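Here is a chain to look at with the viewer open beside you. Take a turn around it first, then read on.

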Amino acid sequence: MFFHKNDNDSGGRGGKGRTLPLLPLRDIIVFPHMVVPLFVGREKSINALEEAMSQDKEILLAAQKKAKTNDPTPEDIYAVGTVGVIIQLLRLPDGTVKVLVEGKRRCRIERFVPHDDFFLCEVAALDEVSTASVEIEALMRSVQSTFETYVKLNKRIAPEMLMQVQTIDDPARLADTIVVHLTAVKLHDKQEILETTDPAKRLERLFELMNAEIEILQVEKKIRSRVKKQMEKTQKEYYLNEQMQAIQKELGERDEFKSEIQELEDRIKSKPLSDEAEDRVKKELRKLKMMQPMSAEATVVRNYIDWILNLPWFDVSDENYDIELAERILDEDHYGLKKVKERILEYLAVQALVKKLKGPVLCLVGPPGVGKTSLARSIARATGREFVRLSLGGVRDEAEIRGHRRTYIGALPGRIIQSLRKVGTNNPVFLLDEVDKMSSDFRGDPASALLEVLDPEQNSEFNDHYLDLDYDLSDVMFVTTANTLGDIPLPLRDRMEIIELSGYTEFEKLNIAVRYLVPRQQREAGLHDVDVEITENAIRTVIHHYTMESGVRNLEREIGSLCRKVARQVVKDGDKTKTYRIASADVPRYLGVPKYQGNKAGEVDSVGRTHGLAATVFGGTLLDCEAAIVPGKGKQVITGRLSEGMKESAQAALTYIRSRHAELGLDEDFHEKVDVHVHFPDYIQKDGPSAGITMATSIASALMRIPVRRNVAMTGEITLRGQVMPIGGLKEKTLAAHRAGIDTILIPKENRKDLREIPKRVLKGLRVVLVEHMDQVLREALALNDPDALFPRRARPMEYRGGQLVTPDGDGEPSSPVPQPTVEGPGAQQ
């Protein structure tokens, strides 16, 4: 494969009457079956490439008669060229384009079609007619034999080409394959071969050219040999004297080299290694003894031996099998996280019984700031292991994981092996941070390289490219973190145990702030011996009006800012015995104007306005939906930074209302007389199928002129038949409704099982209505004087009040309470 500085062109098909974009080539002829990369810089050629890529990727490749012509005319281009196909196209930072093309067939330019942006030609295919004969067979053998002689004299051609040429039985292809490698042949000679359609004549011409080149190469070889023999005696003596001086210098350094060899031998004897590693390092040491100490090869071998001897092959740290101690450590460092803590304690219990257990691979998935990375440190502390962290964000080279082979200059092992050498033990807690942010390019796919690392069935024989030895990773406890599960490749995800961490609730943030964040920020601000009191209401004010996040990272920053303001006041007053109290009303004085305004329910019932519920990366939020009806011709407009899925939900909602026009008191053709505009005022990106019933309620309210109750919020997806489908993020949405002062929420009946995740104190203050059909939603949401007149009593849904199930008849069912909610949640670092 050869690189040439050229302009490229892409074309269509090569039959007569077909037009193709033309790529004028400089100093190169592209033959059929030839794959070659080209660099394109001229504007016309780049335009031709873009035209070819937009069609069928075929392009006409013809050489310029003079390579130095920067703006060729049709007369400057040979009439015979090759139809090629673009395999790959890459735009370079300097504006040029690198393109990989493959020649397909010969063709002749019939005429140039006028075009301003690039050369466009009408082409006709050149048919090659050849009949098998004894003469052709003999000619092919002669050409193959001559090419073998040429390869032996020309060292720039890989010997593997001989095997490829020997397998070709087509005379036309044989000639086209060999001529590519005759680099010394002039351009017009190659063009002559390209224009020759008879394979037999082409082989004869090729045979002549190769014999001429062989004669020149043989003469060059004789000249080099003669010059070498004619070296004067004085020159020989000069070189010999220089060698003697180098030898004498080496003799003075030999003792130091011997001591280094002895030191390596002693380390090999004392270092526990695997059998394969011990055999390899002894073999490399024998090679090192025979090398010159200051040679480049000796340095490479010395570094390789040093890497093997510095790895912790069988060095392990003592693990903690005390379950109670481990549980106490995990509780000290993090609040909540019951599921993760239980998994760690289960692992320790099994490890205490089995002694040898394949390391689990935990994947902690959650939004930023919920304590995933700090949790891995706590796991290491609870298990008594060392901790090592490897950030994979932005890694796009497979060699980062597997290392480089020793044939490369400056080669090193991958970062897995480097980290184990750094930590010094073979059983650490190994954190692979941001595993969802890896990417791949021409250097390989690091996610695929991680498959072997994270597979318990394979990682006992992990093979790093630099070491080229099997290394046992089965004792390592791998923990990975990610923000989103969808960005992790499926094969990699299959090898990990997924533990999802949702965002913190307001109560969890408050607990974390009181237990961990406030004391830590007071210590960091030097207030450990100053009486500072930050009230819970002040912390709530910071949570609601100065942060918008799922985790507590920004919350800690704002608390730190409060502590620094107090520290400044302490220094100004010069009195550490004074008590400093920060209440909710004092927060704006310290932190400035509130950055965020919390969601609040409307003050009056409004026509066409409905409170929806959404779950974002910052937690739950109240999402208002407005609908307006104006005279028109049936047009539907949906605005508010919505995804395609939400727009489809709005169409389904309108179709449901049209199907229920009689029950809702609407004309059958109402949709032909009005335009419907649905809008979400909040300027945030909205995605996910959970606002269907919200949009349907707003549209129905606007059409019926009946207000929507201001104290009702809802979430759920709608089908064309009015069925309410389940949604996700119920916990975050319910907490958002509670914060906004909503007392009634409508949720899909199939989400009843998710009520166990909602804190009990929140659930007791809400009326939760379980709906299965849109009729039930409208019955509950619209401010109707007589709901039974519009919707029959059988449409009334089940609901929960104070944590107890209430049937449509109004009777409580104490035997069917809401599943006991848990107050556990994602944790934060202490």
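What follows is a short tour, from the whole chain down to single residues.

## Ground rules

This is a predicted model, so a local feature needs a pLDDT of at least 70, side-chain atom pairs count only at pLDDT 80 or more, and totals for chains, interfaces and linings use all residues. Residues are numbered from 1 along each chain as its sequence is written, and side-chain values use heavy atoms, with hydrogens and water left out.

## The whole chain

The protein chain has 26 helices and 28 strands. Both kinds of element are DSSP runs numbered from the N terminus, with helices being H or I over at least four residues and strands being E over at least two. Of its 830 residues, 49% count as buried. In this report, buried means under 20% relative accessible area, exposed means over 50%, and partly exposed is in between (1.4 Å probe, protein chains only).

The accessible surface comes to about 41500 Å², and carbon and sulfur atoms hold 49% of that. Those areas come from the Shrake-Rupley method with a 1.4 Å probe, and for residues only the protein chains shown count as cover. As for contacts (heavy atoms within 4.5 Å), take the ones with a separation of 6 or more: 74% of them join residues 24 or more positions apart.

## A covered helix and a nonpolar patch

Helix α4 covers residues 171–179, and eight of its nine residues are buried. The buried set is P171, A172, L174, A175, D176, T177, I178 and V179. What do these buried residues of α4 pack against? Their partners are β6 (97–113), α2 (134–153), α3 (160–166), α5 (187–195) and α6.

Helix α6 runs over residues 199–229 and includes V219. With 46% relative accessibility, V219 is partly exposed. Together with I223 and V227, V219 makes a nonpolar patch on the surface, with about 250 Å² of accessible area between the three. To join a patch, a residue needs over 30% relative accessible area and no salt bridge; like charges are joined within 9 Å, and nonpolar side chains (Val, Leu, Ile, Met, Phe, Trp, Tyr) within 5 Å.

## Salt bridges

The model holds 47 salt bridges. Here that means a side-chain nitrogen of Lys or Arg within 4 Å of a carboxyl oxygen of Asp or Glu. One of them pairs E284 with R406, at 3.5 Å from N to O. E284 sits in helix α8 (residues 275–289) and R406 in the loop between α13 and α14, so this pair ties together parts that are 122 residues apart in sequence. Are the two partners buried or exposed, or in between? E284 is buried at 3% relative accessibility, while R406 is partly exposed at 26%.

E536 and R540 make another bridge, with their closest N and O atoms 3.9 Å apart. They are four residues apart in helix α18 (residues 536–545), so about one helical turn separates them. E536 is partly exposed at 44%, and R540 is partly exposed at 21%. K578 and D573 also meet in a salt bridge, at 3.5 Å from N to O; K578 is partly exposed at 39%, and D573 is partly exposed at 33%. There is a network as well, in which salt bridges link D189, E192, R205 and E208.

## Around H404

H404 is in the loop between α13 (399–402) and α14 (415–423). At 35% relative accessibility, H404 is partly exposed. Leaving out residues up to four places away in sequence, H404 touches D397, A399, A411, L412, H465 and Y466.

## T610 and the cysteines

T610 belongs to strand β17 (residues 609–616). Setting aside residues up to four places away in sequence, T610 touches L623, D624, C625, T694, T697, S698, V708 and M714.

How many disulfides are there? The count is zero, taking a disulfide as a pair of cysteine sulfur atoms within 2.5 Å. Among the cysteines, C363 is buried at 0% relative accessibility, and C563 is buried with a relative accessible area of 1%.
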